[in-house]
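Please consider the structure shown below. The paragraphs that follow examine the packing of selected helices and then turn to individual residues.

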Amino acid sequence: MAEISFYVAISLVAHASYAQEPISLEGRVYSENMDVSATHVLNTTSKKATITTVDGFFDIVVHLNDTLVFSAVQFKRKEVVVTQSVMESKLLIVPLQEVLTQLEEVVVTPYNLTGDMGRDLDRVPVTSVITSHSLGLLNKKVRLKPKGVGETLRLNKYLNLVTGYDTLTLTPDIRLDLKIVRLADDISGRTKDLEKYKTLENELNQIEAIRLFFTDFVFVSTLKIPEAHINDFLNYCMVDKGFKEGAKADDMASVYGLMEAKAPGYRKNNGLE
């Protein structure tokens, strides 16, 4: 019994020491609209730091329960705690949120004029010209259209009711707008074909965007998908409804998680192990 307890204790100590082993964590930050290059990545626990590449990739040494802080002028500060799942992930995806920075209002008064007209004109603020329009007053010279003119009412899929205005007779002009092309497409069955092609085109665009985002290096080195199989692998993932929704929403964190989960099955099914 004492021997068993001894071995259990040794195992627990070994496991604890293993858990405390530092690892080099790879990841990528991204934003929908902003440049993510040179984003600061700081490990506040170890006081070590790095910056991201042009594409947002980074590599930093971490221990379990360390705290990573991601910061840049154009983004909100983001903290990530290094949990066991983060330690075990092959690539940490971190979305960043844009922050709007507004300057306080500054009032400039034209004091301390030099007497030099050229210099003083550049220094004195020029206000906009005041007109009846800027004051919100009605311009009597403008011929107003009656209410309800210039609107389109959809009666059904193929027919719209359009209200116009005849500027010569100054009378409303009401007409029916028949969508002949849409009607012909539905009758011939071309609409269904167009919708199918549009869906396929959207999926191909999403696949291309995902491949460009993660780069071939991530697929080949991290997910172990050969370069020649990357597009086929992404099509394999596209069958999953959750993957489609993540790709459509540009949620690259969930997209990577699903790819990581599906990669072993794909490699096995295609003899790539």
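In helix α7, the residues Phe243, Gly246 and Ala247 are buried. Viewed along the axis of α7, the buried residues lie within an arc of 100°, so they line one face of the helix. Lys241 and Lys248, on the other side of α7, are exposed. The model in which these features are described is a predicted one.

Helix α6 spans residues 230-238, and its axis comes within 7 Å of that of α7, the two crossing at roughly 110°. This angle makes α6 roughly perpendicular to α7. On the α6 side, the contact involves Leu234, Cys237 and Met238, which meet Phe243, Lys244 and Ala247 of α7. By class, the residues of this contact comprise 5 nonpolar, no polar and 1 charged.

Helix α7 covers residues 241-248 and α8 covers residues 252-269; they pack at an angle of about 150°, with their axes 8 Å apart. Because angles over 145 degrees count as roughly antiparallel, α7 and α8 are described as roughly antiparallel to each other. Their crossing is left-handed. From α7, Gly242, Phe243, Gly246 and Ala247 meet Ser254, Val255, Leu258 and Met259 of α8. The residues of this contact divide into 5 nonpolar, 3 polar and no charged.

When neighbours within four places in sequence are left aside, Arg267 is in contact with Leu223, Lys224, Ile225, Leu272 and Glu273.

Ala38 is found in the loop between β1 (23-30) and β2 (40-43). The phi of Ala38 is near 60°, a positive value in a residue other than glycine. Ala38 counts as partly exposed, at 42% relative accessibility. Lys47 is placed in the loop between β2 and β3 (48-51). Although Lys47 is not a glycine, it has a positive phi of about 65°. Lys47 is exposed, its relative accessible area being 65%.

Terms used:
Residues are numbered from 1 along each chain as its sequence is written. This is a predicted model: local features need pLDDT of at least 70, side-chain atom pairs count only at pLDDT 80 or more; totals for chains, interfaces and linings use all residues. Side-chain values use heavy atoms; hydrogens and water are left out. Axes are lines fitted to C-alpha atoms, for helices over the stretch in contact, and angles run from 0 to 180 degrees between N-to-C directions. Helices (H or I, at least four residues) and strands (E, at least two) are DSSP runs, numbered from the N terminus. Angles under 35 degrees count as roughly parallel, over 145 as roughly antiparallel, 65 to 115 as roughly perpendicular and the rest as oblique. A crossing is left-handed if the near helix is turned anticlockwise from the far one by less than a right angle, and right-handed if clockwise. Contact means heavy atoms within 4.5 Å. Ala, Val, Leu, Ile, Met, Phe, Trp, Tyr, Cys and Pro count as nonpolar, Asp, Glu, Lys and Arg as charged, and the others, Gly among them, as polar. Buried means under 20% relative accessible area, exposed over 50%, partly exposed in between (1.4 Å probe, protein chains only). The arc is that of the directions from the helix axis to the C-beta atoms.
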